[in-house]
Amino acid sequence: MNHLDLLTFARGSALDLALIIFVAGVVLRLFEIFGLSRKPDLARPRTDSPGSGWRTMLTRSIPPQGMMKREPVTYIGGYVFHLGLFLAIFFFAPHIEFFRSLTGLTWPALPSALVDASVVAAIVALFVLLAHRLSNPVKRLLSTFGDYLAWAVTFLPLLTGYMAYHHLFVEYTLMLALHIFSVELLLVLLPFTKLFHTFSVFVSRWYNGDFFGRKGVAS
Amino acid sequence: MSATLEKGLNAFKEVIDTPIASYFSSCVHCGLCAEACLFHNETGDPKYTPIHKLEPLRRVWKQEYTLLGRLGKMLGLSRPVTDAELTEWEPLVYDSCTLCGRCSMVCPVGNDITYMIRKMREGMSASGHAPEDMKAATTRAINIGSPMGIKWPAVQAQIGHVQAETGIEVPVDVQGADYLVLMSSMEIINFPEYLSAISRIFKQAGVNWTLAPDAFEATNSGIQIGASDLAREIVSRIVVAAERLKVKCVISPECGHAFTALRWEGPNLMGKPYSFDVKHILEVLDDLHRAGKIKTKGKDKRPLTYHDPCQIARRGGVVEQPRHLLGEVAEDFREMPDAGVMNWCCGGGGGVSANSRAEPLRLEAFKVKKRQIESTGVHTLITACANCRIVMEEGLEHYHMKVEVLGLTELLAEYLVEGE
C-alpha cells in the first residue's frame with residue numbers, strides 16, 4: 001500500500017467507521033445519562049428563573065471571583081487550549097471544505113497564518129497543562145490513565161496537522177493520512193473518555209444552573 | 001435494620017440520577033474544586049479535593065450505568081467498592097465536607113458536587129459508614145424528638161422564662177395562626193435570646209404566630225447523615241403540625257441545614273408539595289420591615305460584620321435580606337471578603353459540628369474564617385445560624401480572638417421601639 005492508498009483509506013472507509021463509532025458512542029452515552037432520569041423537584045422554587053440552566057451553560061465559562069488568581073495555569077491554559085483547538089477545527093479552510101463535503105454547510109475561513117498560530121498556542125497550552133497535571137498535587141491525585149490517554153489523542157491531531165501544514169519531516173501524503181487517522185482515533189475515543197465532556201458539559205451546567213436558579217442564587 | 005455493604009451499594013445505585021451521571025461524565029479532573037474547599041485550602045492536603053471524596057460513588061456509576069464499565073465488571077477488570085474502602089472514605093465524606101456548596105459554584109463543567117456528597121451519604125449510612133456521633137444524634141432525633149435530646153418540657157421552661165422577662169405571652173398550639181415558629185436545639189439550650197426576640201418583634205408587628213408542642217424542633221439529622229427515610233420522618237412531624245394548625249407559613253429558625261431540610265428537601269422527602277409556605281426567619285423579618293411593621297430606634301455603634309450561613313445564602317438564596325436588616329440597626333457594617341454567595345463556611349455545617357472526631361480538622365479549617373474576620377477589624381460578628389454561631393464561638397476561643405457573636409434576630413430586637 002503506497003501513501004496515496006493509505007490516504008484514500010483514511011479518507012474513505014476508515015473515516016466512515018470512525019464517524020459511525022463516534023455518533024453511535026455519543027448517542028449511547030447520552031442514553032446512559034438521560035436514561036437514568038430524575039425525580040421532579042417538588043419544592044416551590046424561590047423565583048421562577050426561566051433560563052437559569054441555559055444561562056449557566058455560558059456563564060460557567062467565566063471564572064468566579066478570585067479563582068483566576070488561585071489557579072491561573074488551569075484557567076489560562078484551559079482557555080488558550082480550547083480556543084486554539086476550536087479555531088483550528090472549525091476555521092481552517094481545508095477543514096471547512098471537509099465539513100462542506102459532509103454536510104453541505106460552509107462558512108468563511110480564517111487566514112491560515114492565524115489558524116497556524118492558534119494551533120501552536122494550543123500545543124503549548126497542552127504541554128503546560130500536562131506539566132501542571134504532573135506537578136500539582138491535586139491534579140496528580142485525580143489523574144488516571146484516562147487523563148493521559150485523553151491528552152495524547154487530543155495532542156496527536158494538533159501535532160500531525162501542524163506537521164502536515166508545514167511539510168515537516170514526513171512526506172506530505174503520508175503525513176496527511178496520519179493526521180486523518182489521528183482524528184479518527186480521537187473520534188472513536190471521545191465518547192468513552194473524559195473527552196465526552198464536549199457534550200455532557202452542557203447537560204451538567206444546565207442542571208447546576210437549574211438547581212441554583214430555583215434557590216434564587218446564580219444566573 | 002442492620003447496615004450492610006450490599007445495602008450501601010444499593011443505595012448508591014438508587015441515588016444516581018441523570019444529573020449525577022452528567023456530572024461524572026463531565027469531570028475533567030481539573031482540580032479547581034479543591035481551590036473552593038475550605039478543608040483543602042487550610043490543610044493543603046489533596047485528599048480533601050471535593051470530587052475525590054466521591055470516588056466510590058463514581059466507580060459504582062461507571063460499573064453499573066456505563067456500557068464500558070459494565071463490560072469491565074463482567075470481565076473482572078474493575079475494582080469493586082469494598083467495606084474497607086468505604087471505611088477509608090468515611091472521614092472524607094463526613095468529617096471534611098460541610099455541604100457548604102462552594103465547590104458547586106466554581107466547578108467549570110457545572111458539577112453540583114455538594115448534591116452528590118449529600119446523595120453519597122445515603123449509601124454511606126446504609127452501609128454503616130457514618131460517624132458514631134451522627135448516628136447517635138439521629139437516633140435521638142427519631143426517638144426523643146431532637147438531636148440534642150430535648151423534649152417539649154425544656155421548651156416550656158424556656159417559654160416561662162421568656163414570658164417572665166418580656167411580659168409577652170408566647171402562643172402555643174394556636175389554630176389558624178399565620179406562622180408556625182420552629183427552633184433549633186441549639187437555640188433552646190444555648191440561645192434563649194431567639195425566642196425572646198421573636199416574641200417582642202412579632203408583638204410589635206402584630207404577627208399571629210404559634211409554637212407547636214409536637215413540632216418545635218427544626219433541625220434534621222436525617223439529611224446530614226444521609227438517611228432519607230429518617231429525614232422524612234423528622235420533617236413529617238412539622239408537616240403534620242402545620243397542617244393540623246392550618247398555618248399559612250412555617251418559619252425556619254436561625255439554623256442553616258434546618259432551612260435546607262424543610263424548604264428544599266422536605267417536599268421531596270414527603271413526595272408532595274406543601275400546603276403552606278416555608279420561610280427563613282430573615283425573610284419574614286425583611287418582609288415585615290419592608291411593610292413598615294418593625295420600628296427600630298438608634299443604631300449599634302460597634303463595627304460589625306455578617307457571616308452568611310452556607311445553607312441560608314449560597315444554598316438558600318437569602319442574601320439581601322440580612323443586609324437590609326443590618327442597614328437598619330448597624331452604623332458601621334463591614335462586609336468580609338468573599339461575603340454573600342461565595343462566603344466561606346464556618347467549618348461546622350453538614351453535621352461536622354456534631355461529629356467530635358472531626359473537631360481538630362474543623363478548628364484547622366476555621367483559619368479561613370479567622371482571616372476573614374480579622375480583615376474587617378471588627379469585634380462583633382452577626383450571623384443567622386445557631387450552629388455557625390456555636391462553631392464560630394469555639395473557633396474564636398481556640399484562636400484567642402476577642403469577638404462576640406450574635407444572632408441577627410436578637411440584634412434587631414435590641415433596637416426595637418417598644419411599648420408604644
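Chain A turns out to be built from 10 helices and 0 strands, where helices are DSSP runs of H or I with at least four residues and strands are runs of E with at least two, both numbered from the N terminus. This is a predicted model, so local features need pLDDT of at least 70 and side-chain atom pairs count only at pLDDT 80 or more, while totals for chains, interfaces and linings use all residues. Residues are numbered from 1 along each chain as its sequence is written, chains are lettered from A and ligands numbered from 1 in the order in which they are written, and side-chain values use heavy atoms, with hydrogens and water left out.

Read along the sequence, the pattern of chain A is simply α-α-α-α-α-α-α-α-α-α. Its C-alpha trace spans about 65 × 35 × 35 Å along the principal axes. Chain A has 219 residues, and 42% of them count as buried; buried means under 20% relative accessible area, exposed means over 50%, and partly exposed is in between (1.4 Å probe, protein chains only). Looking at contacts in chain A with a separation of 6 or more, 72% come from residues 24 or more positions apart, a contact being heavy atoms within 4.5 Å. One residue of chain A deserves a mention for its backbone: Ser37(A) has a positive phi, near 55 degrees, in a residue other than glycine. Ser37(A) sits in the loop between helix 1 (3-34) and helix 2 (52-59) of chain A, and it counts as partly exposed because its relative accessible area is 41%.

Over in chain B, helix 10 (residues 132-143) has 12 residues and reaches 16 Å from its first C-alpha to its last, close to the 16 Å expected at 1.5 Å a residue; the expected span is 1.5 Å times one less than the number of residues. Met134(B), Ala137(B), Thr138(B), Ala141(B) and Ile142(B) are the buried residues in this helix. They end up on the same side of helix 10 of chain B because they cover an arc of only 135 degrees around the axis, taken from the directions from the helix axis to the C-beta atoms. Glu132(B) and Asn143(B), on the other side of the helix, are exposed. The cover over the buried residues of helix 10 of chain B includes helix 7 (83-95), helix 9 (113-126), helix 14 (221-225) and helix 15 (228-245) of chain B. After helix 10 of chain B comes Gly145(B), with a positive phi near 115 degrees.

The structure also holds 4 cavities of 30 Å³ or more. Here a cavity is a set of points, on a 1 Å grid over the protein atoms alone, where a 1.4 Å probe fits but cannot get out, and lining residues have an atom within 4 Å of a point. Grid points are joined across faces, edges and corners, and a volume is the space filled by probe spheres set on the points. The largest cavity has about 110 Å³ of space. It is lined by 16 residues, and Cys37(B), Lys53(B), Cys97(B), Cys100(B) and Cys103(B) are the ones nearest its centre. Helix 4 (38-43), helix 8 (102-106) and helix 9 of chain B each supply at least two residues of that lining. By type, the lining of the largest cavity divides into 10 nonpolar, 4 polar and 2 charged residues; Ala, Val, Leu, Ile, Met, Phe, Trp, Tyr, Cys and Pro count as nonpolar, Asp, Glu, Lys and Arg as charged, and the others, Gly among them, as polar. The second largest cavity has about 90 Å³ of space. Of its 13 lining residues, Cys27(B), Cys30(B), Cys33(B), Cys107(B) and Asn111(B) lie nearest its centre. Its lining comes to 10 nonpolar, 3 polar and no charged residues.

A few other spots in chain B are worth a look. Tyr194(B) is in helix 13 (residues 193-205) and counts as buried because its relative accessibility is 3%. Leaving aside neighbours within four places in sequence, Tyr194(B) is in contact with several residues, among them Leu182(B), Ser252(B), Ile281(B) and Thr409(B). Glu410(B), in helix 22 (residues 408-414) of chain B, counts as buried at 12% relative accessibility. Lys246(B), in the loop between helix 15 and strand 3 (249-252) of chain B, has a positive phi of about 55 degrees although it is not a glycine. At 59% relative accessibility, Lys246(B) counts as exposed.

Notes
1 Å grid on protein atoms, 1.4 Å probe; cavity = no way out; pocket = protein on both sides within 12 Å on 5 of 7 lines; lining within 4 Å.
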